[in-house]
Amino acid sequence: MPGTILIYERTRATKYTDLVARLLPASAEYRLIPCATPEEAARAVAEAEILFCWRFPTDLFREARRLRWVQAMGAGVEDLVAAPLPAHVLLTRVEGLFGPVMSEYVFAHMLAHAQQLRRQYAAQAERRWEPFAAGRLAGKRLGVAGVGSIGLEIAARGKAFGMEVWGLARTKRPRPHVDRLFMPAEVAEFIAGVDYLVSTLPDTPESRGLIDPEAMRERALLINVGRGATIDEGAILRAVRSGRIQAVLDVFAVEPLPPSHPFWTEPGITVTPHMSGPSLPEEVAEYFVANLRRWERGEPLVGLVDRSRGY
Ligand code: GLV
């Protein structure tokens, strides 16, 4: 089932295209069109049957008359879900790739918080020999908001550290490594009950504003690796400034985070530039080509997005 594949990414379109070309069987007659700008994409979009993309200029979908499948290069697809994409066009996202690496980010920051690494480094810098009893993760309660493939990897590692793990999910289905599962209607008890609250939530109408940082317990740590729009930034600032919580934020309502934003200089907030779950072209191109083979065989695609759900 040969066709035209438009590959859109602002800085690595050629790299993705080379990787896909290398992974495709020699017999396939796909035409690959790398596009790195909206202008290039505008010239090619009408021919594309398949779109492999990140942050595609979605107004171009109006011209995409032949389009049948969109494969995102990442996990969060709020822009594509909101786009004028006809219902018959399949939408897939990357599912199952980012959990292990994002867990390492999350536990790096949880351990830094428990061990008070900043204090340890500061003492060394000043040649102060001042032993203190650091905190520990064992025995603490980890709350994972969003227990999809990423959240479950975080939950598994929480158990390995001897933590009690609570999960917040849309559906009651039991999840491995989750000691207690909460539904959105029970979110207040979930938030108030955990020492570490890690949000992996996608940006959907249901998730926006679901986590209230001002309702977290004293001395808890909030880590957001989902989407910035889901947690009110003013409320994070108030909760941190009151001394109630600290926060580690990898995602923001506006990215890049503007230099004038108060998060940058707030002592209780750690800012990182949306780097906890990087899309590595080698891995993501392989994921796409595996899905392409399923597509050729008429098999169900992996990472299929339910657009009514938003992810
Ligand atoms: C990154 O944030 C992604 O959604 O893959």
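Residue A13 is buried, because its relative accessible area is 5%, under the 20% that marks a buried residue. The model in which this value was computed is a predicted one. A13 belongs to helix α1, which covers residues 13-23. Setting aside neighbours within four places in sequence, A13 is in contact with I7, P34, C35 and A36. The C-alpha atoms of A13 and V254 lie 24 Å apart in space, and these two residues are separated by 241 residues in sequence.

The interior may be considered next. In soluble globular proteins, nonpolar side chains tend to be buried together. In this model, the largest nonpolar core has 47 residues, and those touching the most other members are F52, V106, M110, L142, I223, F288 and L292. Helix α9, residues 281-297, gives the most to this core, contributing seven residues. Apart from this core lies another of 27 residues, including A145, F182, V187 and L201. The surroundings of L142 may be followed in detail: beyond residues up to four places away in sequence, L142 touches F107, M110, I154, G158, M163, E164, V165, W166, V194, Y196 and V198.

The N-terminal end of α8 is capped by D232, with a side-chain oxygen 3.3 Å from the backbone nitrogen of G234. After α8 comes G243, which has a positive phi near 85°.

The loop between β10 (220-224) and α8 (233-241) contains R227. Is R227 buried or exposed? R227 is buried, because its relative accessible area is 12%, again under the cut-off of 20%. Leaving out neighbours within four places in sequence, the contacts of R227 are W54, R55, G76, E78, L201, P202, D203, V251 and H274.

Most residues other than glycine have a negative phi, and most peptide bonds are trans. R55, however, has a positive phi, near 50°, and is not a glycine. R55 is placed in the loop between β3 (50-53) and β4 (69-72), and counts as partly exposed because its relative accessibility is 35%. R219 also has a positive phi, of about 70°, although it is not a glycine. R219 lies in the loop between β9 (196-199) and β10. With a relative accessibility of 68%, R219 counts as exposed, since exposed residues are those over 50%. As for peptide bonds, the one from E255 to P256 is cis, with omega near -5°. P256 is found in the loop between β11 and β12 (269-271).

The final topic is empty space. Rolling a probe the size of a water molecule over the atoms shows where such space is left. The second largest pocket has a volume of about 370 Å³. It is lined by 16 residues, of which A112, H113, R118, Q246 and T270 are the closest to its centre. Two or more lining residues come from each of α4 (99-115), α5 (117-125) and β11 (245-249). What is the make-up of this lining by class? The lining of the second largest pocket has eight nonpolar, six polar and two charged residues.

Terms used
Residues numbered from 1 in each chain as written. Predicted model: local features only at pLDDT ≥ 70, side-chain atom pairs only at ≥ 80, totals over all residues. Heavy atoms only, no water. Helix = DSSP H or I, 4+ residues; strand = E, 2+ residues; numbered from the N terminus. Buried < 20%, exposed > 50% of the residue type's maximum accessible area, 1.4 Å probe, protein only. Contact = heavy atoms within 4.5 Å. Core = buried A, V, L, I, M, F, W, Y, C linked by side-chain atoms within 4.5 Å. 1 Å grid on protein atoms, 1.4 Å probe; cavity = no way out; pocket = protein on both sides within 12 Å on 5 of 7 lines; lining within 4 Å. Points joined across faces, edges and corners; volume = space filled by probe spheres on them. Nonpolar A, V, L, I, M, F, W, Y, C, P; charged D, E, K, R; others polar. Polar contact = N/O pair within 3.5 Å; in protein donor to acceptor, adjacent residues only side chain to side chain.
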